[in-house]
Amino acid sequence: MAHAKPPAPQATAWYTLPPEEALTALQSDPAEGLSPETAAARARQYGLNEILEGKSRSRLSILVAQFGDFMIMLLIGAAILSGIIGNIEDTAVILAIVILNAVVGFLQEVRAANAVAALRRMTAPTATVLRGGHPQTLPATALVPGDLVLLEAGNAVPADLRLLEIAGLQMGEAALTGESTPVLKQIPASPPGTLLPERLCMAYKGTLVLSGRGRGVVTATGMETELGKIAAMLEGAPPGRTPLQLRLAQFGRQIATAALVICALIFITGLLRGEAPLLMLLTALSLAVAAIPEALPGVVTVLLALGASQMAQAKALVRRLPAVETLGSVTTICSDKTGTLTLNDMQLIEVWTPSGPLTATALHQDTHATSELLRAILLCNDSTLDETGTLLGDPTETALWHAATAAGFDVPAERAHWPRVSERQFDSERRRMTTLHQKDGRLVSYTKGAPEAVVPLCTTIPGAQPADANVIMQQAAAMAANGLRVLAIARKPHATPSPSPAALETELEFLGLAGLLDPPRPEAAIAVATCRQAGIRPVMITGDHPATARAIARALGIPDDGINGAAVLTGHDLQTMDDNALRRHVARTNIYARVDPAQKIRIVTALQSNGEIVAMTGDGVNDAPALARADIGVAMGKGGTDVAREAASLVLLDDNFATIVAAVREGRRIYDNIRKFVRFVVACNSAEIWAIFLAPFFSLPMPLLPIQILWINLVTDGLPGLALAAEPAEADIMSRPPRPPREGLFAGGMGFEVIWTGLIMAAITLLTQAAAIRAQDTHWQTMVFTVLTLVQMWQVMAIRSSHISLFQQGLLSNKKLLGAVLLTFFLQLAVIYTPGLNQVFNAQPLTLAELALAIGASSLIFILLETVKWVRRRQAGHPPLG
Ligand code: ATP
């Protein structure tokens, strides 16, 4: 393969070129693709195949933005003014604190951005590429112009492609063109000037393969793709915010207005009292900077993003950040059965023919009576061996391969004797598949599928005992009631040389029933129990037989009594029900069987109109609309398609139901911690405001200097607040009901609690001030400074739980928080006791007695909050612990 530079892809109208010309222009080989060396050279030339979203902000711009806040600029201005007048020291300290504040904000933002970027990398799609003649799965970012990409149903197109070969390739291009009807692709080139939606020989990055297969050569990657060009145009659009962030931003604005009014009052009353105007200006501004929780939405991003990276470690990948929030409110989890609730580890354990039943062991011994049935299950079967000898394919089919091998068949040899000449593929709506085979001029088709989908097509039922369709269906139901997936197997010899597709599936000869066991996942049963305890309803939706579904549901502990309703609803029942009837039924039914993926969307919608918050799993292309519709769409990482993943907000790396429940638990924990953080910050800020605002009303002098206010704000909000993100889940987190999604952040009495906690902390501060002044203690201001810092540390320790005592939780159960609190305490001591530094902060070294008094006074808030929790526990009937 030549290393010469291929033409700049963007300069060519690829849709006007026939396939061969496109390949020549891109110097790619139609059979081999690019050689690894050429691909490596082009990767260096073209870079990664990725869309740079909103041009990720540079570190510098994030840092600069920290100073962009209006209040901060005012504060800097006032500080400089105070320097000009002569108080250089104050100016320097204020500027230093402002810088430190900015650094803390910067680090938080960078951390959140890193966590989000890491998540994006983890959810990055892969592509199947032919390089050096070998198909391989690569991260889509590694594609270069000239690469040959193989497409199949369920794939997201990884780059812009000129199609070379197609078989019924239908694309969903809504993401690019807005057109929702599927587009059937073709190979001939289009004339110059054809608009993008009509360029039928191209497949564009970001569009989806709905059905069929194809092969194409990469014409453009990354920002050169059509999607990239659109992304470049949209650049600078603000990133979406989560509902919680929007609510917080709104709340922040209200607080800001209130804080500004109070700060203005403080400024004016200060002037009226005759305080120095510049001092009052600095005080009011410092207070405003400290009190306005403008960082709240940002910190929430950090908490959500950190939570999402923890979930990723637990095998739940969050694709959209708001999902972390919504997870905590989920009331119903609708899950597929196969692979999510079961192990997807199928085994053929029972075979029934009209001549009698056969166990798997008997099957091994008897190759004669059942040889045609075994030939059927190995020929009408899409599983294949790869070069390493590993069996690839759907577990239902690999189980059949194994059974045929165990019964003595050489499957590859048998397939070579009976080559497949045509087929009707399996899909979840038809629930059957048929393949046509030829040997020595004889043509035979084999059909396998759900008994309801196959038995009615059978007109011949050979066997020792008289059997009709009813007997067969009863037998199938009996096998299903034992939890088996049952397949009916049939065949048809053909006299005509090329039978029509319709002729393949009529007048079949029945061969037998195959019963496959797919054991429930042991951890799923535990997760189902956890769900029910947490007020979440687990619902099974499956394409399988109602009896199989019910047996598995029972084994897992999913209630199958349907209290006053149907225990199991089938796809057929759904068809006969209007939306109102369905709404009534979904309130009670936990098991859905023989449901088409297309019907899932009706189930989600009905549940949602009953007020449920629904998580729904899915893996196929047809599941995508239901996943997009659900409050939390959950796609499978191992077994699922790209299309399902694109539509989902959560991807399970292990396809396991228990992982969804673990993610819900994590979602609840994160939301709890966000609430704790908001509670802490708002109470602290209001304490600072109240203390300074109320002091004059008690004839007390200004309790704090501007730099002291800024210092308190810096050390209290930053570290301990963030350490709350590491707070472990409370013990009862999965035994309380889901949080109503529209419930405000301050629900459950938290608003009132924030107000009184703030007032009490201010009262403790002012009482200390009054007592110290009365005792003519010259260190009174340092006392106030220390008490106001420490009271917040005591508060944060007490609010780790809203009802369990700190001692019951264990001091060490959040080491980060304990560390942050101790660090803040020692920093405060450093500010008071370090000569020079204390001058800067206008603080004096406290005597031991004064320090003890400050610690003791500030601990009052802890005692009070713990007492309130104790009373609450008693009222709730819990044993008064701790
Ligand atoms: P779930 O919805 O619980 O994940 P599923 O997706 O595995 O179940 P489908 O794959 O839609 O369900 O299968 C529906 C029915 O189609 C099965 O009960 C079975 O009878 C039949 N079936 C499944 N796989 C095959 C196959 N490979 N060949 C023929 N029939 C099949």
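This is a predicted model: local features need pLDDT of at least 70, side-chain atom pairs count only at pLDDT 80 or more; totals for chains, interfaces and linings use all residues.
How far is an oxygen atom of the ligand from a polar backbone atom of alanine 450? The separation is 3.5 Å.

View 1. At threonine 338, a backbone N or O atom lies 2.9 Å from an oxygen atom of the ligand. At alanine 450, a polar backbone atom is 3.5 Å from a ligand oxygen atom. Lysine 448 uses its side chain: an N or O atom there is 3.0 Å from a nitrogen atom of the ligand.

**View 2. Helix α19 against helix α26.** Helix α19 covers residues 522–533. Its axis lies 8 Å from that of α26, and the two pack at an angle of about 35°. The crossing is left-handed. From α19, the contact takes Glu523, Ala524, Ala527, Val528, Thr530 and Cys531. From α26, it takes Phe657, Ala658 and Val661. By class, the contact has seven nonpolar residues, one polar and one charged.

**View 3. Helix α26 against helix α27.** Helix α26 spans residues 657–694, and helix α27 spans residues 706–717. Their axes are 11 Å apart, at an angle of about 165°. Angles over 145 degrees count as roughly antiparallel, so α26 is roughly antiparallel to α27. The crossing of this pair is right-handed. On the α26 side, Phe677, Phe680, Val681, Asn685, Glu688 and Ile692 make the contact. On the α27 side, the residues are Ile709, Ile712, Asn713, Thr716 and Asp717. The contact of α26 with α27 has six nonpolar, three polar and two charged residues.

**View 4. Helix α22 against helix α23.** Helix α22 runs over residues 579–586, and helix α23 over residues 597–609. The two axes come within 9 Å and cross at roughly 75°. That angle makes α22 roughly perpendicular to α23. Asp579, Leu582, Arg583 and Val586 represent α22 in the contact. They meet Arg602, Ile603, Ala606, Leu607 and Ser609 of α23. The contact residues divide into five nonpolar, one polar and three charged.

Technical notes. Residues are numbered from 1 along each chain as its sequence is written. Side-chain values use heavy atoms; hydrogens and water are left out. Axes are lines fitted to C-alpha atoms, for helices over the stretch in contact, and angles run from 0 to 180 degrees between N-to-C directions. Helices (H or I, at least four residues) and strands (E, at least two) are DSSP runs, numbered from the N terminus. Angles under 35 degrees count as roughly parallel, over 145 as roughly antiparallel, 65 to 115 as roughly perpendicular and the rest as oblique. Contact means heavy atoms within 4.5 Å. Ala, Val, Leu, Ile, Met, Phe, Trp, Tyr, Cys and Pro count as nonpolar, Asp, Glu, Lys and Arg as charged, and the others, Gly among them, as polar. A crossing is left-handed if the near helix is turned anticlockwise from the far one by less than a right angle, and right-handed if clockwise. A polar contact is a pair of N or O atoms within 3.5 Å; within protein, one must be able to donate a hydrogen and the other to accept it, and residues adjacent in sequence count only if both atoms are side-chain atoms.
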